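Visitor: I have a model open and would like to learn how to read its features. Could you walk me through a few of them?

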Amino acid sequence: MAKDIDWGSLGFGYIKTDKRYVSLYKDGKWDEGTLTDDDTVTLSECACVFQYAQTIFEGLKAYTTEDGRIVTFRPDLNADRMIESAKRTEMPPFPKDRFLDAVKQTVAGNRDWVPPFGSGATLYIRPFMFGYNPVIGVKPAEEYEFRMFTTPVGPYFKGGMKPITVRISDFDRAAPRGTGHIKAGLNYAMSLHAIVDAHEQGFAENIYLDPGTRTKIEETGGANIIFIDADGNMVTPKSDSILPSITRRSLMVVAEKYLGIKVTQREITLKEVAEGNFKECGLCGTAAVISPVGCINDHGKEIRFASGMDEMGPTLQKLYDTLTGIQMGRIEAPEGWIYEI
Ligand code: PLP
Ligand code: COI
């Protein structure tokens with residue numbers, strides 16, 4: 001029986017659900033893993049994760065399709081990306097087949113929490129991993145915990161599909177040759193001050209510039225960026241220091257293969273954005289889906305997009321409808337994109 005929740009009024013917050021998956025790494029190997037009701041973790045005060053932030057995570061969603069199936073979207077790519085994040089932070093990668101099995105078990109164990117089709121909500125899945133044995137000299141842990149929990153969520157940004165205003169940040173998110181391309185907690189720790197400050201100033205998010213030259217658009221704190229140019233083409237930043245968003249990579253395929261939209265991935269300067277070369281802008285990610293940007297504030301100078309502040313522009317809307325149609329089973333997906341639970 002589905003839980004009695006007002007799905008339509010959910011924001012992006014944590015609600016404790018029934019089951020979470022846990023596997024421990026000790027003596028050089030992962031144990032077999034299990035589902036548990038226990039949502040708490042008790043650790044040594046000197047656990048590596050507390051002292052040196054050795055933690056990585058992922059984010060994906062489960063959806064109810066129109067015909068009542070429960071599906072997830074490209075979890076294999078989350079598994080791959082988490083392996084890359086683990087390697088870069090000296091953690092033992094959690095094997096891909098185990099990751100996919102954990103997604104199945106965790107979502108199946110929380111079946112009643114998967115929001116119904118058409119409710120506007122989805123079940124967010126948060127896999128994460130941390131080093132937990134005591135470490136005081138700077139070095140990686142030897143023991144690790146992999147966990148995966150779920151929480152039902154609504155839109156990431158307040159106001160749902162209403163265009164947001166974002167600002168150009170004076171802080172950098174990633175260093176050249178740093179960790180911007182992996183999903184490590186440390187990338188988000190450094191963004192907390194910037195996001196609180198942005199919210200205080202009335203902005204929904206920060207756009208970070210490339211840390212090397214501070215002239216090119218990178219991404220926001222929790223999403224990649226896509227632009228639509230005057231000819232209706234999709235243009236998205238190319239950079240080694242942004243997270244390879246699964247949503248953005250999927251949208252590039254949706255644009256070309258489903259909608260006949262030309263896609264270019266290249267360096268994008270703030271200058272050309274300010275000159276009005278793009279008529280639509282959106283943030284894309286698992287949590288953000290596609291959130292339209294109506295205005296970018298660059299130190300008081302407003303860069304307004306032709307799509308305006310009332311609704312998503314027409315090209316982003318087509319991308320949004322097609323992507324969510326694929327995710328929720330209304331539109332046939334490319335081979336291997338949908339994993340049924
Ligand atoms: N960029 C950052 C910094 C993120 O945290 C996320 C969220 O996962 C994304 C981009 C979007 O990635 P994905 O589409 O894989 O969720
Ligand atoms: C996601 O979209 O899954 C994210 O991780 C973004 C944000 C919640 C950190």
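Visitor: Which side chain has an N or O atom 2.6 Å from a nitrogen atom of ligand 1?

Guide: Ground rules before that: this is a predicted model, where local features need pLDDT of at least 70, side-chain atom pairs count only at pLDDT 80 or more, and totals for chains, interfaces and linings use all residues. Residues are numbered from 1 along each chain as its sequence is written, chains are lettered from A and ligands numbered from 1 in the order in which they are written, and side-chain values use heavy atoms, with hydrogens and water left out.

Guide: A polar contact here is a pair of N or O atoms within 3.5 Å. In this case the side chain is that of Glu219. On its own ligand 1 exposes 390 Å², and the protein buries 97% of that (Shrake-Rupley areas, 1.4 Å probe).

Visitor: Which residues surround ligand 2?

Guide: Counting residues with a heavy atom within 4 Å, the list includes Phe12, Phe57, Tyr124, Lys183, Tyr188 and Ala287. Oxygen atoms of ligand 2 lie 2.6 Å from a polar side-chain atom of Tyr124, 2.7 Å from one of Lys183 and 2.8 Å from a polar backbone atom of Ala287.

Visitor: At what angle do helices α6 and α8 pack?

Guide: Two packed helices are described by the angle between their axes and the distance between the axes. Helix α6 (residues 246-259) and helix α8 (residues 314-327) pack at about 105°, axes 10 Å apart. They are therefore roughly perpendicular (65 to 115 degrees). Among the α6 residues meeting α8 are Leu251 and Tyr258, with Leu319 and Ile326 among those on the α8 side (heavy atoms within 4.5 Å).

Key
Axes fitted to C-alpha atoms, helices over the stretch in contact; angles between N-to-C directions. Helix = DSSP H or I, 4+ residues; strand = E, 2+ residues; numbered from the N terminus. Parallel < 35°, antiparallel > 145°, perpendicular 65-115°, else oblique. Polar contact = N/O pair within 3.5 Å; in protein donor to acceptor, adjacent residues only side chain to side chain.
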